[in-house]
Structure formats: structure tokens, C-alpha cells
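Here is a short briefing on a structure. It covers helix packing, a sheet and a chain contact.

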Amino acid sequence: MDHRRKGLAVRYAQWVIRWRWLVLIASIAAVFAAAAGAPRLGFTNDYQVFFSDENPELNAFQALENVYTKTDTILIAVKPKDDSEKVFTPDTLEVIKGLTEESWKVPFAIRVDSLTNFQHTEAIGDDLTVADLVVDPAGMDAAALKKAEEVAVSEPALVNRLVAADGYTAGVLITLHMPGEDPMEVTQAVSHAEELVGAVRTANPDLNFAIAGIAPLSNSFPVASQTDMETLIPLMWLVLFVSMIVLLRVVTGKIGSSVLASVVMTLTVIMSAAVAMGMAGWGGIKLTPPSATAPNIILTIAIADCIHILITMYSQMRRGMNKHDALVESLRVNVSPVFLTSLTTVIGFMSLNFSDSPPFADLGNISAVGVAAAWALSMTLLPALMAILPAWVAPAVEGKMTAMDRFGDFVVNQRRKLLLSTTVIILAILAFIPTIELDDRFIEYFDHSYQIRVDTEFVTDNLTGPDILEMSVPSAGEGGISEPEYLRNLEMFANWFRTQPGVMHVNSFTDVMKRLNKSMHGDDESWYRLPNDRELAAQYLLLYELSLPYGLDLNSQINIDKSATRLSVTMESLSTTEMRALKERSEQWLVDNAPEYMQTQASGAVIMFAYISDRNIRSMLTGTVLAFLAISASLAIALKSVRLGLISIIPNLVPAGIAFGIWGMSVGVVGLAASVITATSLGLIVDATVHIMSKYNRARKEHGYDAADAIRYSFSTVGLALWVATAILVAGFAVLALSGFRLNWEMGLLTALAIAAAIVVDFLLLPPLLMLFDRSRKTNDSAARAEPVPAE
Amino acid sequence: MKKIILSTVTAAWVAGGVGVGLYAPAALADDAADKGRAIAEEWDRRDLGFGDTKAKLRMVLQNRHGETSEREMYINTLEVPGEGDGDKSLVYFEHPRDIKGTALLSYAHILDPDDQWLYLPKLKRVKRISSTNKSGPFVGSEFAFEDISAQELGKYTYKWLRDEPCGELTCAVLEQTPLYENSGYTKQVTWYDLSEYRQQKVEYYDRKGELLKTLEFRDYQQYLGKYWRADELFMTNHQTGKKTSLVYESYEFQTGLSEGDFRKNTLKRLQ
């Protein structure tokens, strides 16, 4: 270390010790100021936050919602517990009718559709009667019930949407239009519906109820965020506790010291997380399940920072140094590497700003602030506290060959075999990456511990699918939706959809026209077909529109100048790949079969999620490459060696590949989380590389060791600390794997895998590589020069 | 008593003594219901005797995107004297061309559903619309038929809420609750200016008691030195962000229309 810099670090350390009380109070005050923003934190409950404002699928969907009406929905399913009983009984119909009427009172409800209020058309002489399908359930005799069932299960607008084809389940569909002014809007609507269903459920113990739809799903996000924070953070304490035991076992040899060190570590990591969450509050960030994991990530990384400083201090004391000198020495050797590893971690997290999915950008920024805070606190609060508190150590046992020394010998002696075997194994693992399938089924982000998942599956099994693909199909111009050519093609298109695998229901304007045509011809079944005259169709439509009650109009299905209609296709749960294939097939069908003016694109929440991983992987590609370049450059600069910088590329890149390869072998399917793993894990796994290479470099330059001895030296000096730090990081991220929210457990598990892979690569592959490529370097010319990056 | 909002919407009248003096707060009953009822009665009274009107209407629909679409129609209204029944109206659609020649005949009633017939020129037949619940949007607009059909005094109960400035005028604010079945609204809040007893603004509240729509009356004109009609009715749907403007391009009063012009059988001969 050069004298000026060395002097700086030492002078800084001495300054901290002298002014320890001031440093302590100032850092605590700063922490409190930052953390005061935490009460401003809220939880978002809008699923659309997963998409940036520029996301093309989101924009297509919002354009459609602007033309028609919003599609935030709550679906209440009703099914008699007796499996042999249909919903067509006076009692059950009464419940459905009651639910339908009460549902109008759900906040932000603009429309309620059900079996009972379906606007059934009937011709009586020259009258067109449009009325609720079920008006007075109690007064219905067997014949009336039979008739209602026949109408319902043969009505395309109802069957497999609001009534099951077998008649055993029915639904009440509430369409919401939220002004978007208050994040509590969704919660208000969903809570009201839940209370309503709760009351009806109590009064009708013989019926099963389920609540599904986009709104309850969105409302499950804050639940998921809070559940994760409530369950995972306590688990983090377990990790912290185990880390402290390790510290006790490894470093001090004295109970009293380890208790005090535990207190100091605990304070430092909590404060790091508090600063980050407080700053997020000041910044107005609304937490999502991914960003709600930030405290866990920060705690994990902050522990690792503390460990490095405390290990050095105690090991110096065990060699006989007094506490203050040991603290100064620890800061001297750790200022640079802790800064460098924090910097690379921050770069890795900041690169998440390239993600097209804002929750991950939030996660990256909060974590980056937390890592920076952990660094700052481990340079201020931590040494100040250690200077104030007493420390006792048992003397070190000298001259004993450690496990790490034996490990170093093994790696040096077996370098050729290791190089070959690790390369082969790594290549074999990497070969599994292409087998990974990307899948983002929105509902499956939640596991079965969430009611929304259970209820949605109940609805899918018994009534209708969870996913809706929406299309606004244009006609040739104003009023063109009555044109026979348009209607004919639209009907063929709807029928084509009905033949596609996975499609459960198609809501098409053509069904309205056919029903109307029939009613205009005395309900003669043979007229259940499209009118073949534009003006006639338009006039039927006018008649029908004049007959509809409040809220049940066609504005949700027809645009204002009657130049386009909305086609809604409900599907059972399809994989992302199948979903995209269906979207592309449907658009191609229009190109191949319909007039040019009818061509359009499919949208919907399910489409947005079908492309989210792809789009994020593409947007993160730039971020990942930039992070990688920045991190490699900081390494090369810190090590003052382009050659070492280049060699470092392999151990820095390979671990994420190994993680994905193992994932491909074992789990096989991954979602959105995949897009961010490479960048975030890069910032973490690079730490071990930094420590090994800087020790190695110091050994070669300062001590004039050859490559093999330099490897032994680095294993011996930094090996144990690295395994301990890695164990903590792996455990910390593995905690996230216990989340019930899929993005979180995938992210946690993949990162843990990458970090674990990194330590293996750093100890088994990196040394043989160094011995292979760094063999010929002259070592004496730079021996006198100090190097900037000490290790430990 | 009557008044078809399509054509009127408001009270008309001249400062014929009665009104001005009538509205002195002290002279009114303390009871908010009586007070509200009295204001509405005055509004109703001032439009009595308009006889019949003819007007051309342009309707401009606007969605949240700002995209617009137009409809054009003529509307004839016949005052039906007496308290027992509502006015008669005939809407003749001019544009869009697919529905040109379609004509809607309505007999407004106080509490019973209105009688309505639609003539379909392509079918050359008259169809009776026998639905009881016609609270849906009128030709895709933000107006429900009940917003523009006859505004009869007996359709609501009234409650005076307060007086407050409305633009340059002072308005009485009344809560009106529909007495007829199958309304899309739980209540309306209506602003009547106290100088001419014209409706200036109506707020419509939905079944959950939330503000659904606001109707504004713009540019009142006086006809025959007595009857007030707004040039534009502007409806904003607060829940969907959609808007509709109804512009009256010409008004004629007392044109000599009679019962015979408002019969089901005359619909076909309208062209």
C-alpha cells in the first residue's frame, strides 16, 4: 500500500477512534434522518406496476381500455356443495340474484353481469321484450327453471363465462373502473366484495363460493409483500444468529466478545436496512413483492461487510495487538476491498434500472442504497462502537496447518486435473441452459398458501378460465360493425377461436346480432344467424340499445362510432409459450382470412405477462453488459493488471451460467426473475474473485512468490473468511426461496446457486487458470511497488 | 305538466310576478321537503303552456381517448296538459346514415314506465319496446333515456339542501329521489337558479351512492319571451371519463303539432 494512502487509511482509523462518540452519535443521527422516511412506504396493489410506461403490451392494452371500458374485474363463483345439484334451483338463483344486486354497491363497480340479470330478448308479437333472465326465483316452477337453464347453457354470452356448461356452477362478474387516484381503491373494492361474499356464505352453508379476477389478484400483491416481510425477515435473523455463532467459533474464542460483536453487527445491519427503506420512503417508492425483499438482501450483504472487518480485528488481537491498534489495522487493510466489493455490488444492483419492470428497478435502487449505507456504517458506526466496547480474545494457536492450507496444496498439486474436470463439468452444466422454459403465469406467481390461487383454480375447474385475451376488431369505418362482410368474418374468427385448444369462452358481438335477428323474427330458431343487411343490422342494434338497463349497455363491447367491436377470449391456464403462440396464430388468421381493415393485435393482462420475461431479458441485456464492463474495469484498475482483469472474466461470468444450468436440470421453468439474476449476482460473486486475486497479486508483487505459492498464500489468508462470507450470502438468499411469491423464491434460489457456484469456481477453476495464464509474469520488477488493494 | 328535457330541460318563464315574490326564504315552509317541492313546482309552473317544440339536435360523444362520434336527430315535443300524464315526444334520427329514418315515439308517464315505439325503416315496421328497465345509455351516449325523457314534477321527491352561488346567479340545491322503479340512480342533486328557476346543473348518483355523472346546462336562451331552453347540455361521466354534448341547433315553439303527429301509425309517414 502506498504511503500516502496507507497514511490516509490509518489517519482515518485513528480519527474514528479518537472521536468515537462523535462518530457514533453523528452516524446514528444520520441513520434516523434517513429512516424517518420509512412510514411513507406503501404497498402497491396494481398488477400493471410490473410494466414500464413504455411497455408496448401495456400500451396496447391501455389503448383498448380507453376505447371500451376498463377490465379490472371481480368474479364471484357460486356452486352447491352437493355435487349433484345444479344452480337452477329457486334457492341458489335467489342467492345469485341477491349477490348480483348487492354487487352494484361494490366501490367503483360500473357493471355487474350474471346469470340472473342477463338481458334476455324475447319477441312477443311486434314487441321486443328485453328483460332479466331470472326475475323472481322464488316464483319459478320446474318448467320455468328448466327454461331458464336451457336459455342459459345455450347462450354463447353466458356459457363457460357466467354459467358452467353442465349447469353446476354460476358466476357474478363485477367490472370495476377505478379512478387511480388512491392506491386503496382496489383494496376497498375487493374488501367490500369479500365482506359481501362472507355474509352470503354464512347465510348459505350449503353453497361454495370463490372470488377470482384481476382485482383480487392485484390486491394479493400487498398481502404477498407483507407476508414475505413478516416471515422472511425473522428467518433472516436466524441467518444472522448463525453467522454470529460462526464468528464466535472462528474468530474470538471468547463468549463476551462474541456477544458484543453480535450486538454491533446487529445494529449495523438493521441500520443499513433502515436507511435503505427510509430512503425508499422519502423517494415515494411503493413496495411490490420483489422490492419488499430488499431488507433481506441488505441484511445479508451488510453481515458480510461486518464479518470482514471484525475477523481482521479479532485475529490481529489474537496475535497480540491491542484493541485500538487491531482496529486501525483492520480498517487499513479493509478500506479498499470493502469499498471495491461494495462498489461492484452497487453497480450490479443499479443495473436493474435497465429492467422494463419497475419493481426490479426499485429493488435494485433500494438494495444499492442499503449496500452503500452498509459500507458507510461499517466505516463509521462499526469501528466507533468497537472502539467504545471492550473486546477480549483467546491467544491464537501458532504453527498449526489449517484446512485451508491443505486445500491450497491440493489445488496447486492437482491443477491440471482440476482445470480439465471443472471445465468439463461446467460445460456439461451449461449445456442445460437451453432447456429452460420461460413461463410467467400471472396467477402462479402466488403459491397455494394464497387464497387467490386456490379460488382461481376452483373457478378454472368449475366455471371459466383465469386469462382473457382482448381484441378490438376494426371495421371499414363509422357504423361498419353492421356490415354483413364484417359480421361474417368476425363470426368465422370467433368460431376459429372456439376450436383452439385451451379456449373456454369467446364473447363476440356477432352473438348479440344473431340473438337479435332471431327475436326480430318471432324467436324463430332458423333466424339465429347474422342479418345480411347493414342498415337492418344497425336498426336492430339501435332498438336493442334503447331497451337495455343501466350498466348493461354495449359500450363495453362497441366503440363510440360503431367502427370496432371487442372480442374477448377466455382461456384456461395456458403456458406463456402456448399463450404467445395463440396470440400469433390469431393475428395470422386475420391476415390470412379477413379483410385488411379487420387486422388487429391481441392484448390483455395475460399477453403482457406472456412477453414480460422476454422483454426484460432483452432490456436487462444492456444493463448486464454495462454492469459487467464496469465491474471488470474496476477490477482491472484496482489490481493494476489488464491480464488479471481478463482472467477474472471467467470466474465472474461462469457462476450465473452454472446457476441457470442447474436450474435447467432440476426445475426447468423460470419466470421474470431470470432476467435480473445475472446482473445482481455478478456484483456479489465478484467479491470473492476480488479477495483471492488481490491476495494473489500482493503475494506475487510484495513477496515475489511464484503463481503456485501465491495461490497457497491467498488460500491461507483469505480462504476461511471467504467461505464464511459466502455461506452467509447463500443462506441469506436461500431464505428468499421460502417465499410464497414465485418471483422472490426464484430470485433467491438462483442467486444462492450463483454465489455457491462462484466460490467453487474461485477455489477450483480460478487458481489453475492463474497458474496457466499468469505463469510467465516477471515478479521482481514490481515487487517494490505497493499495490492498492489489500485483501482480507 | 311536463317538460321534455330533450327539448327543454328547464323551466321557462318570464318574470311574471309570481315567481320572484314567491321565493322569499321566510315565506317558505321550514321543512326542507316542502321547500324543495316548492322550488320544483315553480320550475315546473314556469314552463307551462309551451305547447309544442321542434328542434334539431347534434350529439357529440367523446371517449377517454378524446375520440369523438356524432349523431344527429330531430325532436318534436307535445305538451300534454294536466298533472296526470307526461309529454309526448318523437325523435327522428338523421345521422349516422345506417339509422336515418328511424323514429322513436315516447309517451312519458309519471310513475309507470314510458311507452315507446321504434320505427325501423329497413323493416318498414314499428316495434314496441316493452322493456320495463330503460335506464341504459341513449344511442351509446352518456345520457340515459331517463335523463332526456320528460322531466315530470311527480317523478321525484324533493329535498332542499342549501342555497349557493352558481356562476353569477344564486341557486337552490335540491336532492331529488326518483319515485319510479328501475331508475339507474339512487338520487339526483339539481341546481335551480333563483332568478329564472332554470336547472343549471344535475349530479347523478349511482346505486352505491357515488357520483356517476354531471349534467351542465349551457347558454340558456329565452323563447316567446317566456320559455327558457339551454343551447347545450353537457354530460360528464366521472366513472368512465366519457363525455357527451347535446347541442340544440334550432328551436321552434308552438309550431302547431297535435296529437295526430304523435301516433304509432304516423311513424311510417314521417319521411
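Is the crossing of H9(A) and H10(A) left-handed or right-handed? It is right-handed; a crossing is left-handed if the near helix is turned anticlockwise from the far one by less than a right angle, and right-handed if clockwise. This is a predicted model: local features need pLDDT of at least 70, side-chain atom pairs count only at pLDDT 80 or more, and totals for chains, interfaces and linings use all residues. Residues are numbered from 1 along each chain as its sequence is written, while chains are lettered from A and ligands numbered from 1 in the order in which they are written. Helices (H or I, at least four residues) and strands (E, at least two) are DSSP runs, numbered from the N terminus.

**Helix pair in chain A**

- Helix H9 (residues 294-318) and helix H10 (residues 323-350) of chain A have axes that come within 8 Å and cross at roughly 150°. Because of that angle, H9(A) is roughly antiparallel to H10(A) (under 35 degrees is roughly parallel, over 145 roughly antiparallel, 65 to 115 roughly perpendicular, the rest oblique).
- Axes are lines fitted to C-alpha atoms, for helices over the stretch in contact, with angles from 0 to 180 degrees between N-to-C directions.
- H9(A) contributes residues including A:Ile301, A:Asp305 and A:His308 to the contact. Among those from H10(A) are A:Lys323, A:Ala326 and A:Leu327. Residues are in contact if their C-beta atoms, placed from the backbone, lie within 7 Å.
- This contact divides into 8 nonpolar, 7 polar and 3 charged residues. Ala, Val, Leu, Ile, Met, Phe, Trp, Tyr, Cys and Pro count as nonpolar, Asp, Glu, Lys and Arg as charged, and the others, Gly among them, as polar.

**Sheet in chain A**

- An open sheet of 4 strands runs in the order S11-S12-S10-S13 (chain A), with antiparallel pairing. Strands pair if DSSP finds at least two bridges between them.
- S11 (503-507) and S13 (602-603) of chain A are the edge strands, each pairing on one side only.
- Strand S10 (residues 467-474) and strand S12 (residues 564-571) of chain A are joined by 8 bridges. A:Glu470 has A:Ser568 in S12(A) as its bridge partner.
- Helix H16 (residues 484-498) of chain A packs on the sheet and touches S10, S11 and S12 of chain A. Its direction makes about 165° with that of S11(A).

**Contact between chains**

- Chain B gives 37 residues to the contact, and chain A gives 38 residues.
- On the chain B side, S6(B) supplies the largest share, 5 residues.
- That side divides into 13 nonpolar, 14 polar and 10 charged residues.
- Strand S5 (residues 127-132) of chain A runs parallel to S6(B), joined by 2 bridges. A:Leu128 has B:Ile129 as its bridge partner.

Technical notes: Two residues are in contact if their C-beta atoms, placed from the backbone, lie within 7 Å.
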